[in-house]
Amino acid sequence: MTRKSASPQDAENLAMHRGTGKMERLLEPILFGHRVKVILLFLMASIFFAFQMLKLKPDASFQNMIPASHAYIANYLRFENELRPLGNVVRIAVENTQGNIYEPAYLETLRKITDEVFYIPGVDRGNLKSLWTANVMWYEVTEEGMTAGHIIPEGFGGSPEKLEQVKTNVVRSGRIGSLVANDHRSAIILAPLLEADPQTGKKLDYGQLSERLETVIRQKYETGHIKIHITGFAKVVGDLIHGARAITVFFAITFVLACALLYAYSRCLRSTAITILCCSLAVIWQMGIVNLLGFGLNPYSILVPFLTFAIGVSHAVQNINTMASEVHNGRSKMAAAKAAFRLLFIPGTVALLCDVVGFSTLLVIDIGVIRELAIGASVGVFVIILTKMFLLPVLMSYVGVSPACLRKQERKAHSEHRVARALSRVTEPRIARAVAALALVILGTAWHFSRDLKIGDLDPGAPELRSTSRYNQDNAFTVSHYSTSPDVFVVMVTTKAGECGSYPVAAAVERLQWEMENLDGVESSASLFTGMKKMIAGSNGGNLKWAAISRDRYISNAAHKTLPSELCNNDCSMVPVMLFLSDHKAETLSRVVHAAERFAAEHNSEDMQFVLAGGNAGIEAATNIVIKQAEVQMLLLVYGIVALLVWWEFKSWRVTLAVMLPLYITSVLCEAIMAQLGLGVKVATLPVIALGVGIGVDYGIYIYNRLEHFLDRGFTLRNAYFETLKTTGTAIAVTGVMLALGVMTWVFSEIKFQADMGLLLAFMFLWNMIGAIVMLPALVAILMPREAVRFKRSEAASKAESGSHLIQ
C-alpha cells in the first residue's frame with residue numbers, strides 16, 4: 001500500500017509544534033478568502049512596475065566603479081582636476097600599417113581624428129593631447145639659448161621639408177614611446193574624460209561614448225593602411241555594456257530551459273505556465289523597483305534579473321511538487337493549494353531570507369556597482385517571496401494540476417526509488433562517518449589549493465573581457481609598441497603653497513623615483529623634477545653635468561615655469577610622481593603600494609607629505625585593498641546571519657551545523673577552483689561566494705524541514721530520509737540542475753567576467769545540492785544519533801506504517 005504524503009493537518013500540527021502556525025493561520029484565510037482581490041492587486045502592481053521597467057537604461061560611472069570612501073580615492077578626488085590626464089583617459093593609437101607617421105596622408109588623418117575626438121561629449125578638451133594639439137611642445141638648446149615650438153609647425157603643407165621638420169620635432173620633444181610609437185609607425189591621441197558634462201550636468205554615458213568612438217573614429221577612419229587601437233577604462237566599460245546587450249539572448253535561453261525542465265519534471269502544462277508567469281512577474285517587479293530607486297543597469301547588476309528568475313523557478317518547484325502530491329492524495333485544488341501554502345510558507349520564506357542575506361552582505365563592500373548589485377538582487381528575492389508565497393498558491397488553487405501530472409505522481413508512488421533507497425544509506429553510522437571523513441579530505445585539499453587565491457587581476461589588459469576581444473588586442477598593441485605603460489600609479493607629494501619646487505621636496509622626490517624604479521614591476525617614473533633637470537641642463541649649454549636638481553630657487557623657478565602645467569597644481573602645493581608599471585596584476589600593485597607606503601612613513605613631515613594614490617593603477621590598488629578587507633567581513637556576516645536564520649527555523653545548533661558545513665566546503669572548493677583557473681578575487685568574482693552561500697542554503701532548509709516532518713511522525717532516520725528523497729529530494733535535484741543550467745549559459749558570453757561568474761555559480765549550485773543530499777543527512781546521523789530512536793517506536797512498527805515502499 002502506498003503511504004500518503006503529509007496531510008494539511010499534519011503540517012499545521014508540526015507548525016504549531018514549532019510555534020509558527022499562528023502566522024500561517026492568520027494569512028491563509030486572508031489569502032484564499034479574497035483570491036480575486038489578491039490577483040487584481042498583483043495585476044495592478046505588475047502593470048505599474050512594467051511601466052517603470054521600460055524606463056531602465058544601461059548605466060555606468062567611473063566613480064561608481066571605485067571605492068569612493070577609501071583614503072586613496074579621497075586623495076585622488078582631492079586633486080582630480082590635476083590628475084585627470086593620468087586617470088580616466090582614452091588612448092587612441094592611429095597606426096600606419098604600410099609606412100610610418102611621417103607621411104602627409106597619415107598626418108592629415110591624425111589631424112581629422114584629433115578634431116573628431118575634440119568634439120566628442122565628455123572629453124576634457126583642455127587636456128586633450130596629440131601631435132596636432134598646442135599643448136604638446138618640443139624644446140631644444142641652441143647657441144642662442146632655449147627654443148621651443150609646436151611639433152606640427154605652422155603652415156604645414158606636407159612637403160618633404162616639412163615632414164622632415166616634423167620628424168626632427170618629434171625627436172626633440174622626447175615623446176617617442178609615449179605619444180609616438182618606438183617604431184614610429186603609430187601615434188597616440190590622449191583624451192582625458194570628464195565625469196559629467198559641464199554644460200548639461202548629466203553623467204557621462206559610457207555606452208554612448210564607446211559607440212561614438214567606434215562609429216566616428218574606428219569605422220570612419222580605419223582603412224586598408226590605417227588601423228585604430230582604442231584603450232582606457234571608458235572603452236572597457238563601453239565594451240561591457242555592448243556585450244551585456246546580448247543579455248536578452250541568454251535570458252531567452254534560461255526561459256526556455258526553465259520551461260522545459262519544469263514541464264519534464266511535472267508533466268503539467270498549466271502549473272508550468274503559472275510558475276513561469278509568477279517568476280517573470282518577479283523580474284518585472286525587481287527591474288521596476290530598481291528604476292524607482294534611481295539605479296540603472298550597469299554591466300554587473302544586469303545579471304541580477306537572471307538570478308531573480310532562476311531563484312524564483314527553483315523555489316516554485318517545491319510548490320508544484322507539494323501540490324501534485326496533495327491532489328494525488330485526494331485533496332481538492334483549493335485544499336491542496338492551502339496545504340502547499342502551510343507546508344512551504346515558513347521554510348520557503350526562511351530560505352529566501354537567507355538569499356536576501358547573501359546578497360545584502362555585499363553592501364559592506366564600498367564599491368558602487370557591487371552595492372547596486374546587492375540592492376537589486378535583495379529586492380528581487382524579496383519580490384519572489386511575494387509572488388511565490390502568495391500569488392502562486394492562489395493561482396494554483398484555480399488551475400490545479402493536469403491528469404498527466406497525476407499519472408506521473410502515481411508512477412512515482414509505485415516506483416522502487418532505487419536511487420533514493422541507495423542514498424538513504426548515508427544515514428547509517430558507518431557510511432555517515434565515511435562520508436564525513438571524505439568531506440574532511442575534500443575540505444583539506446580544497447583549502448590547500450585555495451591558498452594560491454589572489455586579490456585583484458591576474459591577467460594583463462582587461463580581464464573582464466576575453467583575451468581575443470578587440471580591446472585586449474588593442475591593449476597588447478599599445479603595450480608592445482610604446483615605452484610608457486598605460487598602467488600609471490601616482491604618488492602625490494603635498495607641500496605648503498608655493499613650495500612644491502623647493503630643493504627639500506626635489507631631493508625627496510628624486511630618492512622616491514630612484515627607489516621605485518629599482519622595484520620589480522616599475523618600468524620608469526616621471527615628475528616635475530624629471531623635466532626640471534632637463535631644463536636646467538638646457539639653460540646651461542646642454543651640459544649634462546647640470547642635469548640635476550638645484551638648491552638655487554631662482555634656477556628652479558625658471559625651469560619650473562617652462563614645464564607643462566599638469567606636473568604640479570596651480571598654487572604649487574602638490575607634485576604628482578608618476579610610476580609607469582609593467583602591468584596592473586595584483587602582485588605588482590601590492591608590491592608598489594607596500595614600497596610607496598614604507599617610503600611615505602619614513603619621509604613624511606609637517607612640510608611634506610607623500611600621499612597615495614592616483615592614476616588608474618592607484619585606483620585599482622585601492623579597489624584591491626577594499627575587496628581584501630571586505631572579503632573576510634562579508635563571509636563572516638553571510639555565514640553568521642544565515643546560521644542564525646537556520647537556528648531560528650530549527651532551534652538546534654546541531655541542525656545548523658549540519659546545514660552550514662556543506663556550504664562552507666563548497667565555498668572553499670570554489671576558491672580553490674578560482675585559484676587554479678587563474679581568477680582573482682575582484683569586483684566581478686567576489687559576489688559569487690555570497691550568492692552561492694545565500695542560494696545554496698535553500699537546499700539544506702528544504703531537505704531538513706521535510707526530514708524533520710517524517711521524524712516527528714515516528715520514522716527512523718533512514719526511513720525518514722528515504723521518504724524525504726522521494727518527495728523534496730527529487731525537487732532539490734531538479735532545482736540544482738535548473739539553476740546550474742540557467743547560469744551555465746553565461747559561459748558563452750563575450751564578457752569574460754560573466755562567463756566566469758556563470759561557471760563558478762553553476763559549480764556552487766551543483767555542489768551545494770550534492771552537499772545537502774549526501775552530506776547533510778550524514779552529519780545529522782553523526783551529530784544527532786538519537787533522532788533514530790527519539791520516539792519509542794521500533795523500526796518494525798515504522799516499516800509497518802510506511803508499507804512496502806520503505807526499506808526492508
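**Close-up views of helix packing and nonpolar cores**

**Figure 1. Helices H17 and H27 cross with left-handed geometry.** In this predicted model, H17 spans residues 429-450 and H27 spans residues 752-783. The two helices pack at an angle of about 120 degrees, and their axes lie 8 Å apart. H17 and H27 are therefore oblique to each other. On the H17 side, the meeting residues are Ala432, Arg433, Val435, Ala436 and Ala439. Their partners in H27 are Val774, Met775, Ala778, Ala781 and Ile782. Sorted by class, the residues of this contact between H17 and H27 comprise nine nonpolar and one charged, with no polar residue.

**Figure 2. Helices H3 and H14 pack at an angle of about 130 degrees.** H3 covers residues 35-53, H14 covers residues 368-399, and a distance of 10 Å separates their axes. H3 passes H14 in a crossing that is left-handed. From H3, the contact draws on Arg35, Val36, Val38, Ile39 and Phe42. From H14, Leu386, Thr387, Phe390, Leu391, Val394, Leu395, Ser397 and Tyr398 take part. Ten residues of the contact of H3 with H14 are nonpolar, two are polar and one is charged.

**Figure 3. Helices H12 and H13 pack at an angle of about 155 degrees.** H12 consists of residues 304-328 and H13 of residues 333-360, with 9 Å between their axes. Because an angle over 145 degrees counts as roughly antiparallel, this description applies to H12 and H13. Their crossing is right-handed. H12 contributes Leu307, Ile311, His315, Gln318, Asn319, Thr322, Met323, Glu326 and Val327 to the contact. Among the residues that H13 contributes are Lys333, Ala336, Leu343, Gly348, Asp355 and Phe359. The contact of H12 with H13 holds 13 nonpolar, five polar and three charged residues.

**Figure 4. The largest nonpolar core contains 214 residues.** Within this core, the residues with the most contacts are Ile92, Val94, Leu362, Ile365 and Val697. Isoleucine 365 is in contact with Ile370, Arg371, Val626, Ala630, Met634 and Leu686, when its neighbours within four places in sequence are left aside. Another core, of 51 residues, lies apart from the largest one; Ile549, Leu579, Val592 and Val593 are among its members. In soluble globular proteins, nonpolar side chains tend to be buried together.

**Figure 5. Isoleucine 241 is located in helix H9.** This helix runs over residues 233-244. The relative accessible area of isoleucine 241 is 6%. Residues under 20% count as buried, and isoleucine 241 is therefore buried. Glycine 207 stands 34 residues from isoleucine 241 in sequence, while the C-alpha atoms of the two are 6.0 Å apart in space.

**Figure 6. The protein as a whole has 28 helices and nine strands.** This legend sets the close-up views in their context. The protein has 808 residues, of which 59% count as buried. Among contacts between residues at least 6 apart in sequence, 81% join residues at least 24 apart.

Conventions:
Residues are numbered from 1 along each chain as its sequence is written. This is a predicted model: local features need pLDDT of at least 70, side-chain atom pairs count only at pLDDT 80 or more; totals for chains, interfaces and linings use all residues. Side-chain values use heavy atoms; hydrogens and water are left out. Axes are lines fitted to C-alpha atoms, for helices over the stretch in contact, and angles run from 0 to 180 degrees between N-to-C directions. Helices (H or I, at least four residues) and strands (E, at least two) are DSSP runs, numbered from the N terminus. A crossing is left-handed if the near helix is turned anticlockwise from the far one by less than a right angle, and right-handed if clockwise. Contact means heavy atoms within 4.5 Å. Ala, Val, Leu, Ile, Met, Phe, Trp, Tyr, Cys and Pro count as nonpolar, Asp, Glu, Lys and Arg as charged, and the others, Gly among them, as polar. A nonpolar core is a set of buried Ala, Val, Leu, Ile, Met, Phe, Trp, Tyr and Cys residues joined through side-chain atoms within 4.5 Å. Buried means under 20% relative accessible area, exposed over 50%, partly exposed in between (1.4 Å probe, protein chains only). Angles under 35 degrees count as roughly parallel, over 145 as roughly antiparallel, 65 to 115 as roughly perpendicular and the rest as oblique.
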